[in-house]
Structures are given as structure tokens and as C-alpha cells.
Amino acid sequence: MTMPRRAAQAFTAVLLAASTVTALSHTAAAADTLGSAAAGKGRYFGTAVAANHLGESAYASTLDREFNQVTPENEMKWDATEGSRNTFTFGNADQIVSHAQSQNMKVRGHTLVWHSQLPSWVSGLGATDLRSAMNNHITQVMQHYKGKIYAWDVVNEAYQDGSSGALRSSPFADKLGSGFIEEAFRTARSVDPNAKLCYNDYNTDGVNAKSNAVYAMVKDFKSRGVPIDCVGFQSHFNSASPVPSDYQANLQRFADLGVDVQITELDIEGSGTAQANNYSNVVKACLAVTRCTGLTVWGVTDKYSWRSSGTPLLFDSNYGKKPAYDAALAALGGTGTPGGGDGGNPGGNATCTVSFARTSDWNDGYNGEVTVKAGSAPINGWTVTLTFATPQKVASLWNGTPSWDSSGTVMTVRAASYNSSLAAGASTSFGFTAAKNGNNSTPTLGACTAS
Ligand code: XIL
């Protein structure tokens with residue numbers, strides 16, 4: 001039976017006003033973010049996060065829209081958590097963990113035992129004291145985050161570069177001998193048996209003397225029942241240290257030892273197509289290895305990268321999607337805006353601002369209106385993110401194209417074909433009807449991204 005359009009509209013309006021509306025086919029939405037596309041492949045896609053940038057709206061909205069895993073970039077390191085002996089400071093790391101929890105993101109704990117960013121009081125200890133300080137550090141930090149961390153980098157960067165295959169000189173190796181790694185993992189398992197315990201390193205991404213040494217250690221641990229669940233491959237690449245041709249084979253040989261593998265700190269210096277191809281190859285290598293459970297890039301935006309001058313990340317300094325982003329998303333099987341990249345934003349000066357109004361309210365629903373305004377340059381497209389309180393559902397939306405994250409709470413709205421181009425300073429609006437389902441909150445409005 002077909003209804004005249006007016007009658008159909010009236011019928012819809014009645015339905016929306018009824019208190020039983022929960023409809024919305026979130027699942028039909030295309031996987032058009034890194035996190036949702038990775039989830040479609042049974043993986044996560046994460047980023048390193050710095051607590052001091054969470055207050056920047058474009059940073060937070062890009063993070064929340066695209067990623068479903070975070071690693072605190074510095075906030076869980078020994079110098080940040082135990083600057084003086086047995087005095088623990090968790091404020092900055094807590095901020096990241098609670099942000100992640102509010103967004104349903106996994107958290108990787110980074111890192112418990114590492115020679116770098118290690119307070120000098122630790123380096124000054126004698127062997128007996130150092131052993132108890134190490135075990136106490138692992139215990140206190142893991143205890144604080146128990147139940148909130150999917151995996152810990154228990155030991156980071158213990159091996160030397162080059163051909164020796166030996167442990168790197170560090171207070172731990174020098175004073176406790178090679179057994180410190182095993183001891184750290186055993187202590188970690190006893191504190192939080194539910195967290196995955198990982199060894200993490202760099203220059204181990206291909207088959208070489210250093211990765212052979214790590215491989216031998218993991219094999220030994222597995223054969224003797226030393227608790228280890230995963231190996232992280234940092235994957236910091238540039239022209240001096242390119243993506244190895246045997247990257248996938250190397251991941252696979254570790255996976256074959258019975259551990260999960262993860263890409264933990266990915267960044268690839270470069271730009272344009274060359275960088276995009278490298279990102280694509282890394283993503284494809286992970287997807288080709290069943291036990292490669294996820295990837296983490298080492299930062300949201302080139303603006304704050306630890307190697308900023310090498311522009312190694314997926315978003316440029318204005319949070320624009322780079323060709324590398326499009327390539328990573330495509331490799332994950334996602335569907336981005338065709339011709340995304342920086343093509344529509346060559347000068348990087350396309351900006352927009354956004355505002356929200358709740359335009360009408362009834363018992364179990366409300367209408368929202370979002371106004372997008374171009375900045376001082378014309379724009380060709382825009383994207384806005386809104387995060388809804390559970391169990392609210394958007395029942396209909398007009399003048400925009402919605403898609404949803406896997407949790408069904410974060411809605412990303414792209415321009416419709418007819419309202420994507422705005423002159424400098426011009427505005428357009430889209431609207432939606434939400435079912436409250438018992439929760440009267442107003443959604444959180446993310447930043448506007450323009451191209
Ligand atoms: C880096 C951070 O990105 C910087 O902000 C900090 O100044 C130094 O450490 N290997 C690791 C990471 O395991 O913790 C490092 O992070 C990069 C190399």
C-alpha cells in the first residue's frame with residue numbers, strides 16, 4: 001500500500017511522538033572512520049593521546065570520531081607516575097583513562113619498566129633495592145588501573161640495536177641481569193591476571209638480529225610458562241628506517257609462537273602518495289595476520305607529533321585528513337569521502353564553526369538543530385560529530401548524512417549533496433529527532449571539520 005506523501009509524513013510524526021520509538025538502523029551505516037572500519041575487521045584502531053590536548057575541541061572531536069583505543073603518550077611512564085619513591089601521581093593518566101572510558105575506547109598501559117623517562121632515584125639504587133622498587137612500581141601502577149587496561153607494555157625496549165642481540169645497558173639489565181624481564185612479567189601477572197601482558201620494542205619490525213633476540217626470548221618464555229600474551233611492534237618509520245619488506249612475515253612468526261601482536265606506535269614520516277602507500281601496506285600486513293589484534297598511531301595530528309617536522313601521522317596540523325588517512329581507511333575496508341585527503345583544502349584554511357539548539361521537546365523526544373558556519377574561507381564540505389547519552393536514539397535526520405560508531409552513541413554527520421558548499425561566513429543547518437528513552441540529556445557537540 002502506498003500513502004500520499006503528506007499522510008506518510010503525518011504518520012511518521014505520530015510515530016515519533018509516541019514513547020516507544022527506538023528505531024534507527026545504525027548498523028547500516030558505512031564504516032567511515034578508522035575505528036569503525038577496524039572494528040569491522042575485528043581489530044581496534046588507536047592513537048597515542050596527551051592529556052594536555054584533550055581540552056582542544058578539534059583534538060578531542062577527531063580522537064572521539066576516529067579512534068577506539070588510546071595509549072597515554074607519556075602519562076603512565078615511571079617519571080610521570082612515581083617521580084619520587086613510593087609517591088604515586090596518576091592525575092594526568094587518570095584523565096586519559098576516564099576520557100577513554102566515556103568513549104568506550106580500550107586503553108593500552110604504557111609502560112612499566114623502561115630505561116628512558118626513568119627518574120634518577122631509580123638509577124641510583126643498588127640491586128636489592130632496585131628489584132623491590134621495580135616490583136613495587138609494577139604493583140602500584142597496575143593496581144590503580146586494574147580492570148581498566150586491556151594490555152600493558154610491561155617491559156619496553158630492553159634490547160640493543162644492531163647485530164649483538166644483547167640486552168641494552170640499563171639500571172635493570174646492569175644490576176638485575178637478564179632475569180629482570182621475566183620477573184617483571186611474573187609480578188605483572190600476579191597483580192592483574194586479566195590484563196594482557198606485552199613486550200614492546202622498535203627496530204624489531206622486520207626480521208633482524210634485534211627481533212631475533214626478542215623472538216628467542218618470547219619462545220623461551222612460552223616454553224617455560226613465563227606469562228606473556230603479546231608483542232608490540234612500535235613501527236616508527238622514516239627513510240632511514242623504512243617499512244621492512246618482511247614486516248608481515250615477521251609479525252606472523254611471532255604470532256606463530258602463540259602470542260598476539262600489535263602495531264603500537266605507528267608513524268611514518270613523509271607525505272602524499274608515498275606515505276599513503278606505506279600506511280596502506282602496514283594496515284594490510286596487520287589484517288593479514290590473524291593474531292594482529294590492532295594498530296595504534298603515535299598521535300592524532302602532525303601538529304603534536306614527537307616527530308612533527310616529519311609529518312608522520314594521518315591528520316595534518318589543521319586536523320584535515322591526509323592521503324595517508326584515506327589509504328589507511330581504504331585498507332581497512334572503510335568507505336571515506338571520495339577524493340578526501342587534502343584535495344579540497346589545499347591552503348589548509350577551510351574552517352567551520354558549529355552551534356546547537358534544542359528546538360522542541362516532548363515527553364519522550366526532542367528535536368535538535370545544528371548550524372554549521374564557514375570560517376573566513378569558502379568550504380566544500382563539512383563534518384560534525386554529536387555524542388548521545390545512552391539509550392537515546394536518533395529517529396530521523398534531515399539536511400545531512402549521518403553515520404555511527406560501533407557503540408551507536410557517536411553520530412558523525414556529513415553535508416548532504418546540496419548543502420556541502422558554503423561561501424565564506426555562510427551558514428546551513430541540519431536537524432534531527434531523537435527519542436529520549438528515559439534520558440533527557442542534550443548531546444555533546446564536537447568540533448566542525450571543513451574541507
Ligand atoms: C615519546 C613521546 O612521544 C614523547 O612525547 C616523549 O618526549 C618521548 O617519548 N618509544 C616509546 C614511546 O615507547 O614511549 C616514545 O614516546 C617514543 C619511542
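**Close-up views of a predicted model**

View 1. Asn74 has a side-chain N or O atom 2.9 Å from an oxygen atom of the ligand, and for Gln117 the corresponding distance, from a side-chain N or O atom to an oxygen atom of the ligand, is 3.2 Å. Stepping back, you can count 13 residues around the ligand, of which Glu73, Lys77, His110, Glu265 and Trp298 come nearest.

**View 2. Helix α10 packs with helix α11.** Here you see α10, residues 209-224, and α11, residues 247-255. Their axes are 10 Å apart and form an angle of about 15°, so the two helices are roughly parallel to each other. The crossing of α10 and α11 is right-handed. On the α10 side, look for Ser211, Asn212, Val214, Tyr215 and Val218; on the α11 side, Asn250, Arg253 and Phe254 complete the contact. Sorted by class, this contact has four nonpolar residues, three polar ones and one charged one.

**View 3. Helix α11 packs with helix α12.** Now follow α11 to its contact with α12, which spans residues 272-288. An angle of about 30° separates the directions of these helices, and their axes lie 9 Å apart. This pair, α11 and α12, is therefore roughly parallel too, because angles under 35 degrees count as such. The crossing is right-handed. Tyr247, Gln248, Leu251 and Gln252 of α11 meet Val282, Ala285, Cys286 and Ala288 of α12. That contact of α11 with α12 has six nonpolar and two polar residues, with no charged ones.

Notes: Residues numbered from 1 in each chain as written. Predicted model: local features only at pLDDT ≥ 70, side-chain atom pairs only at ≥ 80, totals over all residues. Heavy atoms only, no water. Axes fitted to C-alpha atoms, helices over the stretch in contact; angles between N-to-C directions. Helix = DSSP H or I, 4+ residues; strand = E, 2+ residues; numbered from the N terminus. Parallel < 35°, antiparallel > 145°, perpendicular 65-115°, else oblique. Left-handed = near helix turned anticlockwise from the far one by under 90°. Contact = heavy atoms within 4.5 Å. Nonpolar A, V, L, I, M, F, W, Y, C, P; charged D, E, K, R; others polar. Near = heavy atom within 4 Å. Polar contact = N/O pair within 3.5 Å; in protein donor to acceptor, adjacent residues only side chain to side chain.
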